[in-house]
Amino acid sequence: MPTFENVEVSATVSVDFEVYCGTCGAGLCGESDTRHSRNRGYLQVTVNACPNCMDAKDEEIKDLTYRIEELENELSKYE
Ligand SMILES: [Zn+2]
């Protein structure tokens, strides 16, 4: 049988993948998007900040803000 050697073949595929928060483990597929880089065409993933972790940080900030107010009140007694 005759043979063509070194035939170049190109193909495109879709790749499904999952995204999880490395800090709390929450699924972030709904917070993620894909794109190709403008200049080099590299595959890129954009991921919004994890909503669970942001909520936890907001709670931490609230607690620290309250603690600052407590300390400011404490300091004002010595003025
Ligand atoms: Zn998280």
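Start by selecting Ser37: leaving out residues up to four places away in sequence, Ser37 touches Tyr42 and Gln44. Contact here means heavy atoms within 4.5 Å. This is a predicted model, where local features need pLDDT of at least 70, side-chain atom pairs count only at pLDDT 80 or more, and totals for chains, interfaces and linings use all residues. Residues are numbered from 1 along each chain as its sequence is written, and side-chain values use heavy atoms, with hydrogens and water left out.

**The hairpin**

Stay on Ser37. It sits in the loop between S1 and S2. Is Ser37 buried or exposed? Ser37 is buried, because its relative accessible area is 13% and buried means under 20%, exposed over 50%, partly exposed in between (1.4 Å probe, protein chains only).

Now show strands S1 (32-36) and S2 (residues 43-47). Helices (H or I, at least four residues) and strands (E, at least two) are DSSP runs, numbered from the N terminus. S1 and S2 run antiparallel, joined by five bridges; strands pair if DSSP finds at least two bridges between them. Select His36 next, and find Leu43 of S2 opposite. Six residues lie between the strands of this hairpin. Click Gly41: its phi is positive, near 75 degrees.

Move to Thr34, in strand S1. Beyond its neighbours within four places in sequence, Thr34 is in contact with Phe17 and Gln44.

**The surface patch**

Select Val13, Val15, Phe17, Val45 and Val47. They make a nonpolar surface patch of about 470 Å². Val15 belongs to the segment before strand S1. Val15 is exposed, at a relative accessible area of 61%.

**The core**

Which residues make up the largest nonpolar core? Select Val19, Cys21, Ala26, Leu28 and Cys50, five residues in all. Such a core is a set of buried Ala, Val, Leu, Ile, Met, Phe, Trp, Tyr and Cys residues joined through side-chain atoms within 4.5 Å. Centre on Cys21. Leaving aside neighbours within four places in sequence, Cys21 is in contact with Ala26, Leu28, Cys50 and Cys53.

**The helix**

Finish on helix H1, residues 51-76, and pick Glu59 there. Glu59 counts as partly exposed, at 40% relative accessibility.

Definitions and conventions. Patch = residues over 30% accessible without salt bridge, like charges linked within 9 Å, V, L, I, M, F, W, Y side chains within 5 Å. Areas by Shrake-Rupley, 256 points an atom, 1.4 Å probe, with all protein chains shown as cover. Salt bridge = Lys/Arg side-chain N within 4 Å of Asp/Glu carboxyl O.
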